[in-house]
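Hi everyone, thanks for coming along.

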Amino acid sequence: MNHKQACVYLVGAGPGDPDLLTVKAQRLLRQADVVVYDRLISPAILELIPPGTSRIYVGKAAGRHSMPQEVINELLLNLARKGHQVVRLKGGDPFVFGRGSEEARYLAHHGIHFEVVPGITSAAACSAYAGIPLSHRGLARSVRFVTGHCRADQPLELDWQGMADPQTTLVIYMGLANLAQIRQGLLDAGMAPDTPAAFVENGTTPRQRRILTTLAGLLRDQENHDVQAPALIIIGKVVDFAHELNWFVPADAAEERVHDAQQVG
Ligand SMILES: C[S@@+](CC[C@H](N)C(=O)[O-])C[C@H]1O[C@@H](n2cnc3c(N)ncnc32)[C@H](O)[C@@H]1O
């Protein structure tokens with residue numbers, strides 16, 4: 001294989017734990033001339049980029065806006081036209097709520113060779129690390145990945161009736177800002193207020209927090225626990241398994257426990 005053939009690889013980095021990178025993603029990171037990455041790429045994954053490789057950050061800086069999508073598209077095009085092998089590293093999976101399809105279409109339109117490398121989307125990884133199976137025989141016969149994001153000042157237009165199916169597990173991406181609308185939409189569509197629900201914040205990383213609640217309790221617990229992005233909201237009967245299947249101890253939580261134990265001792 002000619003490693004220096006110009007190509008843009010749209011690579012999914014998974015939700016944070018570097019061990020969840022695919023073998024292909026790791027290989028491409030080692031071979032790339034340039035890595036273009038955004039906000040959700042964890043520091044542990046950035047450490048895997050060789051020191052001599054150029055890195056271009058296109059995410060949101062504190063108090064500033066992200067680079068507009070058109071500018072990112074243009075950047076990828078220009079890098080490829082210079083003959084570079086480019087890794088466009090995106091959180092989770094590039095084709096799940098990540099605008100990877102917009103970048104791929106732009107490159108295709110301009111005749112640039114590209115490949116898509118799937119990553120583990122946060123719904124799959126964060127639920128697993130939170131001890132929540134997305135499906136379970138007899139309890140959840142379907143799973144829906146939903147975006148809770150909409151344009152400013154516009155109501156969320158979701159299929160509330162379909163989402164309120166008691167045998168469906170909902171995984172809501174980018175749902176914190178519109179949580180009140182989501183909760184009310186589901187209650188109005190007849191979903192039981194005591195349906196188990198969870199927030200998974202910073203999933204799969206040393207800072208992961210999972211907050212177990214109910215549909216009715218979502219707003220109260222978001223506030224009580226000061227839940228911050230990136231977070232997923234999982235709603236459905238399967239969330240109850242989180243008590244039984246709590247296998248992942250984030251490093252930060254483990255350190256806190258050791259610290260507590262030392263203070264007690
Ligand atoms: C722009 S979307 C990108 C989704 C990504 N392409 C994927 O497949 O996971 C960003 C949203 O993904 C979710 N997310 C991504 N990483 C996460 C993490 N480590 N923990 C919890 N939620 C995460 C959050 O809902 C966040 O607001």
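Predicted model: local features only at pLDDT ≥ 70, side-chain atom pairs only at ≥ 80, totals over all residues.

**A walk through the model**

The buried ones are S122, A123, A125, C126, S127 and Y129. And what covers them? The cover includes the strands β6, β7, β8 (196-201) and β10 (231-235).

Now let's move over to the sheet. There is an open sheet of five strands, and its order reads β3-β2-β4-β1-β5, with parallel pairing. At the edges you'll find β3 (54-57) and β5 (114-117), each of which pairs on one side only. On average, neighbouring strands here are turned by 20° against each other, if we ignore direction.

If you zoom in on β2, residues 34-37, you'll see that this strand pairs with β3 in the parallel sense over four bridges. Within that pairing, V36 stands opposite I56 of β3.

Next up, salt bridges. As a reminder, side chains of opposite charge can pair when their charged atoms come close. How many salt bridges does a search of the whole structure find? It finds nine.

Here's one of them: R141 and D165 meet through their side chains, at 3.4 Å from N to O. R141 sits in the loop between α5 (122-129) and β6 (142-147), while D165 sits in the loop between α6 (160-163) and β7, so this pair ties together parts that are 24 residues apart in sequence.

Another one joins D159 and R144, whose closest N and O atoms are 3.1 Å apart. This pair links distant parts of the chain too, with D159 in the loop between β6 and α6, and R144 in strand β6, 15 residues apart. D159 is partly exposed, at 40% relative accessibility, and R144 is partly exposed as well, at 29%.

Then there's R209 with E201, a salt bridge of 2.9 Å, N to O. Which side of that pair is buried? E201 is, at 6% relative accessibility, while R209 is partly exposed, at 29%. We also have a network: D38, R88, K90 and E103 are joined into one by salt bridges that share partners.

Let me finish on the surface. F97, V143, F145 and M174 form a nonpolar patch there, and together they have about 330 Å² of accessible area. If you're looking for M174, go to the loop between β7 (168-173) and α7 (179-188). The relative accessible area of M174 is 42%, so this residue counts as partly exposed.

That's my tour. Happy to take questions!

Technical notes: Residues numbered from 1 in each chain as written. Heavy atoms only, no water. Pairing = 2+ DSSP bridges. Helix = DSSP H or I, 4+ residues; strand = E, 2+ residues; numbered from the N terminus. Axes fitted to C-alpha atoms, helices over the stretch in contact; angles between N-to-C directions. Patch = residues over 30% accessible without salt bridge, like charges linked within 9 Å, V, L, I, M, F, W, Y side chains within 5 Å. Areas by Shrake-Rupley, 256 points an atom, 1.4 Å probe, with all protein chains shown as cover. Salt bridge = Lys/Arg side-chain N within 4 Å of Asp/Glu carboxyl O. Buried < 20%, exposed > 50% of the residue type's maximum accessible area, 1.4 Å probe, protein only. Contact = heavy atoms within 4.5 Å.
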